[in-house]
Amino acid sequence: MNRLPSLQAYFAPLIGTPRPIPGRHVLGTVAFGERLGLAFDPHGHPELAVPMSSTGFDAFREVWTTTAEPVTGSRDGLVFADDGEHLFVAGTIAPRPVYAPTVRATYETAFSLVAERGCSHVFRMWNFVGDILGTNSEGLEVYQDFVSGRAEAFASYYGDGIGHMPAATGIGTRGEGISFVLLAARTASPRHLENQRQTPAYNYPERYGPKPPSFARATLVEPGGTLYVSGTASILGHETVHRGDVAAQTHVVLDNIAELIGGPSLAVAGLDGGHELKDLRLAKVYVRHERDLPVVRAVCGEALGPEAETKYLNVAVCRDDLLVEIEGLVPGPARAR
């Protein structure tokens, strides 16, 4: 019986090319540096470069690897790699006065590519939004403008989208324009999870914008049992809590993640097992204000520990009263009952 290709990720230095790992192939990379770009690296792997590093914070690559040699290509401005089970897709959108129509068209193209490659299960997305708290030419916040276009793409391709919305991060950058990465699977079964402490984002009230955000709080992928944790902020219900207090907000974020990956929350979704915060890996911590880094680093260092391989980036979060956001993944297993 043939085994499905396995997917893993690691953080690598920004300078140079990702180190070869015996028995594994690079599927795609995201370079968190000082520029925006979309290309194939010298070895033919698709790479999205995002302007998110700064002095005192981290610059690095996130490298996605697989046990099968992937096929790579491009389509309608997108780049992709396909290992027969997993699909890596990345794209960029140039700065424009209003984003929603172009976001809708670009994301519909990405979803169409996913379907054409036979990978119908999108399980993780990252959305990098320049000037995320700015306003577009119509006076709408850029993040809300982006969210509207993304929601329309989900609706046009998946109906209401609920049940198909994957774990996702929507975060600011230190540049302009919008870029994104998605991961999809051909046969694996993703289960999209919510957090009992938080209102599902797709049910947020209209006060947060014309369309609610399109994502789940986490996605569990079987086989393997990897749990992908969305970008998580200091939100209880749908309200920001502890405005202006970065330490308190960081503790709430970590409590939210602990609830999401812990046994009781997984049990609500019909899953056995459970995890602790120290099981989180490849954590990315987005800190709005440079001055807050020492506090956030201390709180996260104690809660997560060195095994998490935590990286810190100085960028804006999706609300002007949110000071920190954290994401990561938990290697399996968490099994369906």
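## Two buried phenylalanines

F111 and F154 are both buried. The model described here is predicted. For F111 the relative accessible area is 0%, under the 20% limit for a buried residue.

F111 also has a ring partner in Y158: the two ring centres are 5.4 Å apart and the planes stand at 65 degrees, over the 60 degrees that makes a pair edge-to-face, so this pair is edge-to-face. F111 belongs to helix 1 and Y158 to helix 2, so their pairing ties together parts that are 47 residues apart in sequence. Y158 has a relative accessibility of 16% and therefore counts as buried.

## Aromatic pairs and a cluster

How many aromatic pairs does the count come to? The count comes to 15 aromatic pairs. F111 and F154 form a pair with ring centres 5.0 Å apart; their planes are at 55 degrees, so the pair is tilted. Helix 1 (residues 100-116) holds F111 and helix 2 (residues 142-158) holds F154, so this pair ties together parts that are 43 residues apart in sequence.

Elsewhere, one aromatic cluster is formed by F11, F32, F60 and F128. Another ring, that of Y312, has a charged neighbour: R297 lies over its face, at 4.5 Å from the ring centre.

## Helix 3

Helix 3 covers residues 246-261, which is 16 residues. From its first C-alpha to its last it reaches 23 Å, close to the 22 Å expected at 1.5 Å a residue. At the start of this helix, a side-chain oxygen of D245 comes to within 3.3 Å of the backbone nitrogen of A247.

Which residues of helix 3 are buried? They are V246, A248, Q249, T250, V252, V253, L254, N256, I257, L260 and I261. As background, an α-helix has 3.6 residues a turn, so residues three or four places apart point the same way.

## T226 in strand 14

T226 is placed in strand 14, which runs over residues 226-232. Is T226 buried or exposed? Its relative accessibility is 18%, and T226 therefore counts as buried, the limit being under 20%.

What does T226 touch, leaving out residues up to four places away in sequence? The residues that T226 touches are T219, L220, V221, L329, V330, P331 and G332.

Methods:
Residues are numbered from 1 along each chain as its sequence is written. This is a predicted model: local features need pLDDT of at least 70, side-chain atom pairs count only at pLDDT 80 or more; totals for chains, interfaces and linings use all residues. Side-chain values use heavy atoms; hydrogens and water are left out. Rings of Phe, Tyr and Trp (its six-membered ring) pair if their centres lie within 6.5 Å; planes under 30 degrees apart count as stacked, over 60 as edge-to-face and the rest as tilted. Helices (H or I, at least four residues) and strands (E, at least two) are DSSP runs, numbered from the N terminus. Buried means under 20% relative accessible area, exposed over 50%, partly exposed in between (1.4 Å probe, protein chains only). A charge sits over a ring if NZ of Lys or CZ of Arg is within 6 Å of the ring centre and within 35 degrees of the ring normal. Contact means heavy atoms within 4.5 Å. The expected span of a helix is 1.5 Å times one less than its number of residues. A polar contact is a pair of N or O atoms within 3.5 Å; within protein, one must be able to donate a hydrogen and the other to accept it, and residues adjacent in sequence count only if both atoms are side-chain atoms.
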